[in-house]
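Reader: I'd like to go through this model with you. Can you put it up first?

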Amino acid sequence: MGINQPTERGLHTMTQMTKRTPGRWRRGLSIAALAAVIALTLVTLGETAGMAHDIGHLHALLVSPTDAGLWIGTHNGLYRSSDEGKTWQPLNIPSDLAAMDFMSFVQDPTNPKVLYVGTHNRGVVRTTDGGQTWAAFSTGLGGPDVHAMAVDGYNPAQPRRLYAFVMDKGLYRILGDLTEWKRVDDGPSNPDVRALQAVNIPTGMGGIFLYAATSEGIFRGPDCF
Amino acid sequence: MGGLPANKTVYSFAASATDPKIMFAGLREGAFKSTDAGGSWKKLATAPKDVAAIAIDPTEPDAVFLGTANGKIFKSTDGGQTWRRQN
């Protein structure tokens, strides 16, 4: 609701009151109506200000292993909480990386200050300083719509193995020096993937399982490429 | 994968780092828990609906956080049996 609308409506109401009421009530009613307009305007302004801090539609949640801090990805942005979710501080994302939706969060198993976020329309973004600064991390990704990410930190010989599921493109992986994403395969047979996680259950083939939450339940496949 | 509502979207998933057979799944219908690596699932009776995101505290296996689609955060300290609204 715009600020002008309640003012116009208020003026209209006051005109009606002027026609119908005796003279000595006119000013009082006008003041009452004016007060109502001011109150309505303040409410409107309050709602507008509140929206800037509204965390919005939520997509992803991460609990940091080092300080139990919470991180969330939402429709409006990225937020961090240091009081178990009671209050949230927005993170500063550069405008060229600001996404419609921040879909998924993973933390680097070798450095908790390094986080990767999959976005709806900006690929993967990364911070290496605990959320102070962010940069694109999408070289080699087949598309911008990353609905789910996972990290496999369970293999000591290869402690950083990241996965990203790109809508309509499939499953991508990045290893070792983290220079370039490479396509692995189509991913789960249901391509509407909402969440992905490497789970430390041996497949019997030298790797562990990747679990995927989809629009038709949960799928799993080996992470042993 | 018995015990999850059939043909429903699973919006969120989390497996425990300390005991990977313990898993949580979040759906519009509520939150579900498995203790056998996803073979069977039970609905968590007191969890909210519209579970958009769920995560286990890596340092405390019974501590689980979930977020609903409209931004409400809940915490469980008993592996999902009871939940407390955080915000």
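Reader: Which strands make up the open sheet in chain B, and in what order?
Author: A caution first: this is a predicted model, where local features need pLDDT of at least 70, side-chain atom pairs count only at pLDDT 80 or more, and totals for chains, interfaces and linings use all residues. Residues are numbered from 1 along each chain as its sequence is written, and chains are lettered from A and ligands numbered from 1 in the order in which they are written. The open sheet in chain B has four strands in the order E1-E2-E3-E4, with antiparallel pairing. Strands here are DSSP runs of E with at least two residues, numbered from the N terminus, and two strands pair if DSSP finds at least two bridges between them.

Reader: Which strands are at the edges?
Author: E1 (10-15) and E4 of chain B, each of which pairs on one side only.

Reader: And how many bridges between E2 and E3 of chain B?
Author: Five, in the antiparallel sense, between E2 (residues 23-27) and E3 (residues 30-34) of chain B. Within that pair, B:Phe24 has B:Lys33 as its bridge partner.

Reader: Now chain A. What is the order of its four-stranded open sheet?
Author: E9-E10-E11-E12, also an open sheet with antiparallel pairing. Strands E9 (146-152) and E12 of chain A are at the edges with a single partner strand each, so one side of each is left without a neighbour in the sheet. From one strand to the next the twist averages 30°, with axes taken as lines fitted to C-alpha atoms and angles running from 0 to 180 degrees between N-to-C directions.

Reader: How many bridges join E9 to E10 in chain A?
Author: Six join E9(A) to E10 (residues 161-166) of chain A, and the two run antiparallel. A:Ala148 is opposite A:Phe165 of E10(A).

Reader: What about E11 and E12 of chain A, how many bridges there?
Author: Three, between E11 (residues 170-175) and E12 (residues 182-185) of chain A, again antiparallel. A:Leu171 is bridged to A:Asp185 in E12(A). The hairpin of E11(A) and E12(A) has six residues between the strands, and A:Gly176 takes a positive phi near 50° there.

Reader: Which residues other than glycine have a positive phi?
Author: A:Glu84 is one of them, with phi near 60°, and B:Asp50 has phi near 55°. A:Glu84 is in the loop between E3 (78-81) and E4 (89-90) of chain A, while B:Asp50 is in the loop between E4 (42-43) and E5 (51-56) of chain B.

Reader: Is B:Asp50 buried or partly exposed?
Author: Partly exposed, because 18 other C-beta atoms lie within 10 Å. The cut-offs are 20 or more other C-beta atoms within 10 Å for buried, 12 or fewer for exposed, and partly exposed in between, with C-beta atoms placed from the backbone. A:Glu84 is also partly exposed, with 18 C-beta neighbours inside 10 Å.

Reader: What does B:Thr68 touch?
Author: Leaving aside neighbours within four places in sequence, B:Thr68 is in contact with A:Leu58, B:Pro48, B:Asp50, B:Val51 and B:Ala52. Contact means C-beta atoms, placed from the backbone, within 7 Å. B:Thr68 is in strand E6 (residues 64-68) of chain B and counts as buried, with 21 C-beta neighbours inside 10 Å.

Reader: On to the interface. How many residues of each chain are in contact?
Author: 31 residues of chain A with 31 residues of chain B. On the chain A side, E1 (58-63), E2 (70-74), E13 (193-202), E14 (208-214) and E15 (217-223) each supply at least two residues. The residues of that side divide into 16 nonpolar, 10 polar and five charged. Nonpolar covers Ala, Val, Leu, Ile, Met, Phe, Trp, Tyr, Cys and Pro, charged covers Asp, Glu, Lys and Arg, and the others, Gly among them, are polar.

Reader: Where in chain A is pLDDT under 50?
Author: Residues 1-31 of chain A stay under 50, and residues 40-53 of chain A are below 50 as well.

Note on methods
Contact = placed C-beta atoms within 7 Å. pLDDT = per-residue confidence, 0-100.
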